Amino acid sequence: MNLLELKDVSKIYGSVKALQHIDLSVRQGEWLAVMGPSGSGKTTMMNIVGCMDKPSNGAVILDGADISRETPKNLTAIRRDKIGLIFQQFHLINYLTALENVMVAQYYHSLPDEKEAMQALERVGLSNRAKHLPSQLSGGEQQRVCIARALINYPMLILADEPTGNLDETNENIVLDIFRQLHREGSTIIVVTHDPEVAEEAQRTIVLEHGRIAAISENHQKNHQK
Amino acid sequence: MKKQTMYLRMISGSLIRRRSRMLVALLAVAIGATVLSGLLTIYHDIPRQMGQEFRSYGANLILVPSGDEPSLSAADVEEAMAYFPADSVVGIAPYRYQTVKINEQPFMAAGTDLAEVKKTSPYWFVNGQWPTEPGSVLVGEAVADLIRLLPGSPLTITGTDASGKSFSRDFTLSGIIQTGGKEEEFIFMSMQDLENAMGNADEIDVVECSISASGETLDAIVSRIGTNVPAVTPRLVKRVTQSEGAVLTKLQSLVYLVTVVVLLLTMICVATTMMAVVTERRKEIGLKKALGASNESIIKDFLGEGIVLGAFGGLLGVILGFLFAQAVSLNVFNRPISFGLPLIPVTMLASIVITGVACLIPVRSAVDVDPAVVLRGE
Ligand SMILES: Nc1ncnc2c1ncn2[C@@H]1O[C@H](COP(=O)(O)OP(=O)(O)OP(=O)(O)O)[C@@H](O)[C@H]1O
Ligand SMILES: [Mg+2]
């Protein structure tokens, strides 16, 4: 079953055609990598899928409903209920501790639950940093807080825009491990990356160029038993 | 965990952990509230202050000896006093003047009833104390300056008594008076002390009366005393009473204008500071939206911070504003200010509303921007 379907999606910023006639389906539980040169429209596509932006043309069907015609208010609700976002620049709230940053996502979603938030931090190996402010955390640790935050409300779709772009190899591996585990548990993941090694971890890679899908490749890796 | 608990945690986190930023905002709010509560206090207190100021002009009727008579006797005065409406007499102070010397320098001494003087001349500002026992005197500031006296100083007064003999008596200075008028050149003592020194009694040069009555009543009193008590000539002294109302309104509307203008300026100042503080946080707003926060809940977050800031700033402003008004009052009126308790909620409310609105303006505009656009920057 397809969790996500893009049908002839285009996005035009003035004279810039950021996306052109994209057709793409993502299965439930699939791990998809998106590659492509800078400016090829990767972030634009992620924003549209993540209900942060609307396409100029075409339909985006998420979980059976077209989100391309929704009002901003409904988009916010869909984002809150169905999507977990991980950003390249982390984007943590700097005056809240790691734990509180995770709880903020719970707060806007439903009810904050300190125990559950703590478990999410444990899961990304940060239970001993729960009371630290973002400024007291390394980049890798900050990214792991973001992941814990993205996972806390059990999203049906995890969107990660260059999650390892600002990390060294050790931290990259920690993050990839978490993704592998999420994948094994059945999460649907879309990861934007410049790094072929990161892309190889996914089941399928699409390459964008000038806002079009230039290539699609299936990766047959040992760690994708499913 | 309850939603409110997290809400409070977020607000307190923002206020406490972003201390330096918040202090700037708090300062702006507090200064605004200070000016507001200070000026309102002064505005509110002006009628009282000025009323006292005007009432302070004291005596509005004086009694002097008629014709060639050198002085009034206590009996004459008593006779005239019978014509005063009993319940409207504020004070009646008889004066006897005599030239005396201190250190061979001539001064004018006045014997009087000091307790009554306090009522007829309430504007006297006494540095030290009013005399309470025989042998203590008040001197005007000019006198004290001339012979370098301080409250508590001893002084010896010499002179010639009624029978032509010279006398010398020791006194203690209990206080120095400031009036801004010619009283500052006098020495004031009890009538008893002066009579003892002079060796004779019952000589009164002038009686100052303070009577709270309308102009017509005073006119009637004057004519009745004039016809019925031949030894006494009553005279009306023009007090400022007539113009009191006009001056008061003018003064108050002046302060009102100043208050409004300054208030507008501080409001703009507070608003711009808050706007700058919030605009800095557009990214945070975008992030919260990306996390699924509704516009309402983001507005609620910032409003909460604004209200806490406004409340604390307002409270600080109430305290500082009172000190400010007090300083102004002591400098201008030489009198402490009366503080209206309703000013506390008014200032707090104004400060909360202004801060809240100042927060809302930039938050509202930031909230409508797509989170993608905000988060893309950098
Ligand atoms: N808000 C916008 N207004 C105008 N043009 C935009 C806007 N957002 C993106 N673009 C343009 O759309 C194109 C695609 O941008 P996008 O951010 O999707 O690229 P990307 O593939 O994510 O690049 P990178 O790898 O550098 O992150 C770029 O040419 C960019 O300049
Ligand atoms: Mg990008």
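Reading the terms in a predicted model

Me: Why is Glu30(A) called buried in this predicted model?
Reply: Glu30(A) has a relative accessibility of 1%, and since buried means under 20% relative accessible area, Glu30(A) counts as buried. In this predicted model, Glu30(A) lies in the loop between strand 2 and strand 3 (31-35) of chain A.

Me: What makes the pair Glu30(A) and Arg204(A) a polar contact?
Reply: The side chains of Glu30(A) and Arg204(A) are paired at 2.5 Å, and a polar contact requires N or O atoms within 3.5 Å, one able to donate a hydrogen and the other to accept it, so the pair is listed as a polar contact.

Me: How do you know whether Ser37(B) is buried or exposed?
Reply: The relative accessible area of Ser37(B) is 1%, to be set against the limit of under 20% for buried, and therefore Ser37(B) is buried. Ser37(B) belongs to helix 2 (residues 19-55) of chain B, and a polar atom of its side chain lies 3.0 Å from the backbone oxygen of Gly317(B).

Me: Why is Leu320(B) called partly exposed?
Reply: Partly exposed covers what lies between the limits of under 20% for buried and over 50% for exposed, so Leu320(B), at 38% relative accessibility, counts as partly exposed. The residue sits in helix 10 (residues 295-332) of chain B.

Me: Why is the site of ligand 1 called shared between chains?
Reply: The site is shared because residues from chains A and B surround ligand 1. Of the 14 residues around ligand 1, those that come nearest are Ser38(A), Lys42(A), Thr43(A), Thr44(A) and Arg376(B). The shell divides into four nonpolar, seven polar and three charged residues, and helix 1 of chain A gives the most to it, with three residues.

Me: How do you know that His194(A) is in polar contact with ligand 1?
Reply: An N or O atom in the side chain of His194(A) is 3.5 Å from an oxygen atom of ligand 1, and because the cut-off is within 3.5 Å, the pair stands at that limit. For Ser38(A), a polar side-chain atom lies 2.4 Å from an oxygen atom of the ligand, while for Thr44(A) the value is 2.5 Å. The protein covers 68% of the 640 Å² of accessible area that ligand 1 has on its own.

How values were computed. Residues numbered from 1 in each chain as written. Chains lettered and ligands numbered in written order. Predicted model: local features only at pLDDT ≥ 70, side-chain atom pairs only at ≥ 80, totals over all residues. Heavy atoms only, no water. Near = heavy atom within 4 Å. Areas by Shrake-Rupley, 256 points an atom, 1.4 Å probe, with all protein chains shown as cover. Helix = DSSP H or I, 4+ residues; strand = E, 2+ residues; numbered from the N terminus. Nonpolar A, V, L, I, M, F, W, Y, C, P; charged D, E, K, R; others polar. Buried < 20%, exposed > 50% of the residue type's maximum accessible area, 1.4 Å probe, protein only.
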